[in-house]
Amino acid sequence: MAGDANTDGKEVLFTITRDHLDTGLRGFPVGTCPISDVDPIKGLSYGGIPIAELAHLDPEEVIHLLLRKELPDAAKLAVFHGELLGQGPLNPGVLKLLESFPRKGHPMKWLLGGLVAMGMFENAGDYRKDCLRVIAQLPELVAAIFRIRSGWGAPIAPKPELGWVENFVHMLGAPGASPDLTRLLRVFMILHFDHGGGNLSTFVGKAVASGHEDMYGSLAGAMAGLAGPLHGMANQECLRFVKEVAAEIKDPTDLEEVSKYVENRLATGGVLFGFGHAVLRVEDPRATVQYALGEEIAQNDGLFRLAVSLRTAGVEALKKRPKVSNPYPNVDAVSGTLLNACGLTDETYYTVLFGLSRCVGIASQIVWERTEARGGKGMPIVRPKYVYTGPAVKG
Ligand code: NMX
Ligand code: MLT
């Protein structure tokens, strides 16, 4: 509380008053993170490099940046590619377990189950080794989730020499996928890898790891955090929302018609999925990159045109509601329409794609917190204080 702290002349970053309680720790500084940052105006950066400058690189270069804190030259990239290759395929026991999962279970539940199973088969008990292994093998797990759960057929054997995303697309073997799917997923993965230290899934993953739970259990906890519709599952909900609007209007480019629908949805207490953010106060640069890519790969797609109309109509409508801190599109505003346009039409799977990517950043942050922070001692166990408001304690 204000006034309680003895600052000893040290820099005060944030003063906590009663009004700050029960606000989801919004804006509270709780730690340091040298890997990525989210500035309210400039948006996301990895290692000080704005995301727009990284979005079209090779995804393995960007994974190297997050893990090793530098963009690799060609020689270092080749060595890193070899390290990923050297992790080998997923234990077949994990795939066998997936076969027994109920088809009606959401793909995110399959991802949680798959991560826990991987931890039982693969665990080296070393955050750094497990980080590399999980990053190398997760594409196989996620591709198998798509194939087994959707009934596309047996899992396809990996060809990691193809590259992290190219191998994933090969293992997906998605029926009806457009030739642009690889291009889209390369960008999608880079944009979703990390988002500062405090987004819900990353915070949860690091908190679980602070009790010295292993990498796999910590990532499973993190992915449970990602699975909510206000966080990662907003990409699934956003495509459903865009489809709902499409079913109600005649012309996706008619701003007046789209605005009417949006106003009505907000007036009846609905959420505009893909809009708003806890930190950002401008359009999410990850959305900006995707709108531009959409003009190249989905220009004539009706749902994409509608998402572009929503980019204007949604902002106008949310701006009229002063309680909304940020009326602008976030990363989920258009990702679903692009995945749909490239042939991944079942939005139920979109959050596992987010999860596949985000595990890279979370694993990198866990390695840093557990093995490098505080001079290598690691962060202590997370244990914040809750102010008691129940009946007076007796005695
Ligand atoms: N549609 C309708 N209402 C909204 C929206 C929106 N897009 N954004 C904020 N609000 C409401 C919010 O529910 C809250 O209402 P109340 O006071 O009645 O509880 C009020 O505006 C203030 O919220 P904010 O301070 O603007 O936002 P907060 O930091 O609490 O939450 C989000 C941030 C992202 C959870 C919120 O903007 C939201 O629910 N957006 C829609 C879901 C979404 O797109 N999530 C994806 C976020 C990115 N990701 O991938 O994780
Ligand atoms: C994310 O990518 O994690 C989201 O934008 C949510 C956040 O940063 O709070």
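A residue is called buried when its relative accessible area is under 20%, exposed when it is over 50%, and partly exposed in between, with a 1.4 Å probe and only protein chains considered. The model is predicted, so local features need pLDDT of at least 70 and side-chain atom pairs count only at pLDDT 80 or more, while totals for chains, interfaces and linings use all residues. Residues are numbered from 1 along each chain as its sequence is written, and side-chain values use heavy atoms, with hydrogens and water left out.

With a relative accessible area of 66%, M120 is exposed, and its place is in helix α5, helices here being DSSP runs of H or I with at least four residues, numbered from the N terminus.

Side chains of opposite charge can pair when their charged atoms come close. The structure holds 17 salt bridges, each a side-chain nitrogen of Lys or Arg within 4 Å of a carboxyl oxygen of Asp or Glu. In one of them K320 meets E263 at 2.5 Å, N to O, which links K320, in the loop between α14 (302–319) and α15, to E263, in helix α12 (residues 255–267), 57 residues apart. K320 counts as exposed at 57% relative accessibility, whereas E263 is partly exposed at 23%.

E263 also forms a salt bridge with R321, with 3.1 Å between the closest N and O atoms. Because E263 lies in helix α12 and R321 in the loop between α14 and α15, this pair ties together parts that are 58 residues apart in sequence. R321 is partly exposed, its relative accessible area being 22%. Elsewhere, E237, R240, K243 and E347 are linked in a network of salt bridges.

Turning to helix packing, the axes of α15 (residues 332–341) and α16 (residues 350–372) come within 11 Å and cross at roughly 110°. The two helices are therefore roughly perpendicular, a term that covers angles of 65 to 115 degrees. Their crossing is right-handed, meaning that the near helix is turned clockwise from the far one by less than a right angle.

Notes
Chains lettered and ligands numbered in written order. Axes fitted to C-alpha atoms, helices over the stretch in contact; angles between N-to-C directions. Parallel < 35°, antiparallel > 145°, perpendicular 65-115°, else oblique.
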